[in-house]
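Please keep the sequence and the model in view while reading.

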Amino acid sequence: MKQQIQNTSTYDERLQSFKKRHNLQEVNTSKEAAFALRVSDFTMRLSRSTGMLLGTNAPKHSKYGRAVRYHAGDLMNWFEQNENQDSEAA
């Protein structure tokens with residue numbers, strides 16, 4: 001059984017750590033987001049049309065013309081929510 005560790009770091013500290021670990025910028029392309037979340041670029045594209053990614057709500061994205069971008073904070077929030085669901089299910 002995993003022992004839960006209380007997270008005392010601030011949101012900004014967690015975001016900086018997440019960006020560094022996953023080699024992310026503040027705003028990322030679909031391919032960069034897919035790499036950070038360990039899914040294919042096709043899966044990221046599909047999640048934008050279905051609104052679901054790996055059985056949960058997809059991370060928020062922004063469109064600028066044809067370009068799609070993901071903010072690092074939105075990716076981190078999605079990752080943390082998904083990680084918490086996995087540990088609660090176990």
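Tyrosine 64 stands opposite alanine 67 in strand S5, where strands (E, at least two residues) and helices (H or I, at least four residues) are DSSP runs numbered from the N terminus. This is a predicted model, in which local features need pLDDT of at least 70 and side-chain atom pairs count only at pLDDT 80 or more, while totals for chains, interfaces and linings use all residues. Residues are numbered from 1 along each chain as its sequence is written, and side-chain values use heavy atoms, with hydrogens and water left out.

**The sheet**

- An open sheet is formed by 3 strands in the order S1-S5-S4, with antiparallel pairing; two strands pair if DSSP finds at least two bridges between them.
- Strand S1 (27–28) and strand S4 (62–64) each have a single partner strand and stand at the edges, so one side of each is left without a neighbour in the sheet.
- S4 pairs with strand S5 (residues 67–71) in the antiparallel sense over 3 bridges, and lysine 63 has valine 68 in S5 as its bridge partner.
- The hairpin formed by S4 and S5 has 2 residues between the strands, and glycine 65 in the turn has a positive phi of about 70°.
- On the other pairing, S1 and S5 run antiparallel and are joined by 2 bridges, with histidine 71 in S5 as the bridge partner of valine 27.
- S5 has a covered face made up of Val68 and Tyr70, whereas Ala67, Arg69 and His71 belong to its uncovered face. In a regular strand the side chains alternate between the two faces of the sheet.

**Helix H3 and serine 47**

- The buried residues of H3 are Asp41, Met44 and Ser47, where buried means under 20% relative accessible area, exposed over 50% and partly exposed in between (1.4 Å probe, protein chains only). Seen down the axis of H3, these buried residues fall within an arc of 115°, so they line one face of the helix; the arc is that of the directions from the helix axis to the C-beta atoms.
- Phe42 and Ser49 are exposed on the other side of H3, while what covers the buried residues of H3 includes helix H2 (30–37), strand S2 (52–53) and S5.
- Serine 47, which lies in helix H3 (residues 41–50), is buried with a relative accessible area of 3%.
- The side chain of serine 47 reaches the backbone oxygen of methionine 44 at 2.7 Å.
- Leaving aside its neighbours within four places in sequence, serine 47 is in contact (heavy atoms within 4.5 Å) with Met52, Leu53, Ala58 and Tyr70.
- With neighbours within four places in sequence again left aside, methionine 44 is in contact with Ser30, Ala33, Ala34, Leu37, Val39, Leu53, Pro59 and Tyr70.

**Helix H1**

- The buried residues of H1 are Leu15, Phe18 and Lys19. They cover an arc of only 95° around the axis, which puts them on the same side of H1.
- Lys20 and Arg21 are exposed on the other side of H1. An α-helix has 3.6 residues a turn, so residues three or four places apart point the same way.

**Positive phi values**

- Asparagine 23 is found in the loop between helix H1 (11–21) and S1, and its phi is near 50°, a positive value in a residue other than glycine. Asparagine 23 is also exposed, with a relative accessible area of 65%.
- Leucine 54, in the loop between S2 and strand S3 (56–57), likewise has a positive phi, near 55°, in a residue other than glycine. At 56% relative accessibility, leucine 54 counts as exposed.

**The nonpolar core**

- The largest nonpolar core has 16 residues, of which Leu37, Met44, Tyr70 and Leu75 touch the most other members; such a core is a set of buried Ala, Val, Leu, Ile, Met, Phe, Trp, Tyr and Cys residues joined through side-chain atoms within 4.5 Å.
- H1, H2, S5 and helix H4 (72–89) each supply at least two residues of this core. In soluble globular proteins, nonpolar side chains tend to be buried together.

Definitions and conventions: Polar contact = N/O pair within 3.5 Å; in protein donor to acceptor, adjacent residues only side chain to side chain.
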